[in-house]
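Trainee: I would like to learn how to read a structure like this. Can we go through it together?

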Amino acid sequence: MSIRTERRRGLRGPRHAGHTVAADHLGALSLPVGDDGVIIGNDAHDTPQLIGFHRPVPYDVTLIGGLWTAQVLALRAAGTGARVAVETGRVQAWTALARAAGAGLECVSLYDVGRVPPTGATVGSPVVVVRDCGMRPPRGRVVSSPWQSVLTLLPYLSPVAPRLMRASALVGVQRVSPGEAERIGRVLGLARAEYEALPTLADGVTLWAAGGEHHWVMTHPTDAETGLLGAARRMD
């Protein structure tokens, strides 16, 4: 079934039956304790890095990079149980992903720019909004809120990029020109060696910056992601 761009009252997410266990079996259960979220790749020490999109407070992410990386993040967010709303001016670039995500369940919905409806995000039904609206994404009613994170994709540094970067809790930067790299370095407070490395980054490599923490991350696609999206690339 094809996914169409249309106005809706909300995003329908997958519904699953509950799981039960006998009280006398609870002692056999063990739960991992530690960071959780969407795996975005591995750092230089081959340690998995994650983005925790599902939060009880507003959370904004800006990615100056390629469509491929944004689509991998959207797929992986859907895999964690989030409903994903994609606001885009190039619906055709997202249609195959929306059809494939959720194994037939409607967990990724596509909307024209400015047409994303209220999502009704809750702790039990979190939402990730991906804004793929070009160099100058318009200010709209889609904003981050409790249990609704917003990821804004910018293909290059644009006049609105500094404002978005300063307002975001997390910023990702992929390969950019030397001039863009220097300006990004000033906004993010990067060391000279860091921003001078940005024009040389390989496809799939992102510098993620959150406050004073900076991590170089390589995103390795799964076989299924490669089959759907192709190999990692910066340009589309």
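Mentor: Buried residues come first. In this predicted model, Leu67, Trp68, Thr69, Ala70, Gln71, Val72, Leu73, Ala74, Leu75, Arg76, Ala77 and Ala78 of H1 are buried.

Trainee: How many of the 13 residues of H1 are buried?

Mentor: The count is 12 of 13, so H1 counts as mostly covered, with buried meaning under 20% relative accessible area.

Trainee: What follows H1?

Mentor: Gly81 does, with a positive phi near 100°.

Trainee: Which residues have the most contacts inside the largest nonpolar core?

Mentor: They are Val84, Trp94, Val108, Val130 and Trp208, in a core of 35 residues. Several elements give two or more residues to this core, including strand E4 (83–88) and strand E6 (127–132). H1 gives the most, with 9 residues.

Trainee: What is Val130 in contact with, leaving aside its neighbours within four places in sequence?

Mentor: Its partners are Ala74, Val84, Ala85, Val86, Glu87, Trp94 and Leu151. There is also a second, separate core of 20 residues; Leu154, Leu157, Ala161 and Val171 are among them.

Trainee: Where does the charged end of Arg55 sit?

Mentor: Over the ring of Tyr59, 3.9 Å from its centre. Likewise, Arg234 lies over the face of Tyr156, at 5.2 Å from the ring centre.

Note on methods:
Residues numbered from 1 in each chain as written. Predicted model: local features only at pLDDT ≥ 70, side-chain atom pairs only at ≥ 80, totals over all residues. Heavy atoms only, no water. Lys NZ or Arg CZ within 6 Å of the ring centre and 35° of its normal. Buried < 20%, exposed > 50% of the residue type's maximum accessible area, 1.4 Å probe, protein only. Helix = DSSP H or I, 4+ residues; strand = E, 2+ residues; numbered from the N terminus. Core = buried A, V, L, I, M, F, W, Y, C linked by side-chain atoms within 4.5 Å. Contact = heavy atoms within 4.5 Å.
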